[in-house]
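Have a look at the picture first, and then we'll go through it bit by bit.

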Amino acid sequence: MKKVGFTTSIPVEVVFAAGYQPVDINNIFVNDGSPEKLVEYAERVGFPRNSCAWIKGMYSCIMDKIELDVIIGVVEGDCSNTRAFREVLQLDGVESIPFSYPNSRDYNLLKSEILNLCKFFNIDLDECIQIKKKLDNIRKKLVYLDELTWKYNKAKGVENHLWQVSSSDFNGDYRVFESELDEKIQEIEKRNEFNEKVRLAYIGVPPIIFDLYDFVETLNGRVVYNEVQRQFTMADSIGIDDIVETYRNFTYPYDVYVRLEDIKKQVEKRKIDGVIHYTQAFCFRGIEDIVIRRHLDVPVLTLEGDRPGKLDSRTKLRIESFIDMLT
C-alpha cells in the first residue's frame, strides 16, 4: 500500500478514500527510539540550530526512517517553516504537495484546497464523506476516552494525549486503531477513580518532552484537557456530513482567538484549576502566549521545549511550584 506522509493534521479522509496509508511524520519522529539523533542528523545536513526540532526530526524520518510515496506539506495554518522545508525536500528528490488552511476560514477557499487534494488522488468529496462516517464512529470512542479522563477520572493524562494525537492518522489503519482503542477503554473502565487535588489543562502544540504528564501526576495533579490533541479528533464535527465544515471547525490551524473560544469553554466545563501552555522553541506560536494570558481567567504556566527528551530540573521545579500554588 502506498504511504502518504504529512507535516500536521490534514483531511485524512482524503488519503483513506484514495486507498493510501496516511502517516503523520511527527508521530514517527517523537516515537523513535532515539529522536535526539534524528535532530542531530538534520543539523549535520545543514538545518540551523535555531530552527524547530520538529522540522528537523521530520526531515530525518523522511530521509532515513520511512519510505513515503508523497508528502503533504501544510504551508498555511501550521509551521511557518514548511515552505522552506518543502524546498529542501525537492532538492533531495522527494515529491511533496502543498495544502493550506486559509487564515480567513473562508468556506470556499478551504473547499478549493480540499478539492485540490482530491484531484491529486483522483477521488471526490462523496468518497471522503463515506470514509468520514466510518472515522466518526471511532471519534465517538475517543470522545468517550476523553470523558474517562475529565468526567469519570479513570484515564491518565498521557493516555488521553497519546490516543487523541494518534487520531491524526489513526496509526495508518483505522480498523486496527479502533480494535486497540476498544481494548484500552475496557481496561480503563475497570480502574478506580483518581482523586488528585489539581486539575490541569494542557494547551499548545503536543509536547516534545516525554515525561511531562507522568511528572505532573507525581505531584497530586492530572491533565484532564489536551487542547490541540482533542482538536485532532474532530470531536466537534462528529456527524457532520461535510468535510469542508469539519476542517473549518478544526481550531488549531486558525488564529489564537478561534482557539481561545474552545479553550475557555473546556476550562469551565472540566473545572480546570490551572493551565500549562506549552510552546516549541523557535516557533511563532510562542508569541501567542501574550494573548492567551490576557484572556484566560485561570493561572497559566508557560513552558518552552526545544529538543526531544525528559524534563530538566529547572522545569520540574517550575511545575512543582505552580501546582503548589494551586493547592
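Which residues in helix 7 meet which residues in helix 8? On the helix 7 side they are Leu 142, Leu 145, Asp 146 and Thr 149, and on the helix 8 side they are Glu 159, Asn 160, Trp 163 and Gln 164. By class, that contact has three nonpolar, three polar and two charged residues. Keep in mind that this is a predicted model.

**How the two helices sit together**
- Two packed helices are described by the angle between their axes and the distance between the axes.
- Here, helix 7 covers residues 125-150 and helix 8 covers residues 157-165, and they pack at an angle of about 165° with their axes 10 Å apart.
- Angles over 145 degrees count as roughly antiparallel, so helix 7 is roughly antiparallel to helix 8.
- As for handedness, helix 7 passes helix 8 in a left-handed crossing.

**A residue in the loop**
- Between helix 7 and helix 8 there's a loop, and Asn 153 lies in it.
- Is Asn 153 buried or exposed? With a relative accessible area of 13%, Asn 153 is buried, because the cut-off for that is under 20%.

**What Asn 153 touches**
- Its side chain makes a polar contact of 2.9 Å with the side chain of Arg 199.
- Another polar contact, at 2.6 Å, links the side chain of Asn 153 to the side chain of Arg 222.
- Setting aside neighbours within four places in sequence, Asn 153 is in contact with several residues, including Glu 147, Leu 148, Asn 192, Glu 193 and Phe 194.

Key
Residues numbered from 1 in each chain as written. Predicted model: local features only at pLDDT ≥ 70, side-chain atom pairs only at ≥ 80, totals over all residues. Heavy atoms only, no water. Axes fitted to C-alpha atoms, helices over the stretch in contact; angles between N-to-C directions. Helix = DSSP H or I, 4+ residues; strand = E, 2+ residues; numbered from the N terminus. Parallel < 35°, antiparallel > 145°, perpendicular 65-115°, else oblique. Left-handed = near helix turned anticlockwise from the far one by under 90°. Contact = heavy atoms within 4.5 Å. Nonpolar A, V, L, I, M, F, W, Y, C, P; charged D, E, K, R; others polar. Buried < 20%, exposed > 50% of the residue type's maximum accessible area, 1.4 Å probe, protein only. Polar contact = N/O pair within 3.5 Å; in protein donor to acceptor, adjacent residues only side chain to side chain.
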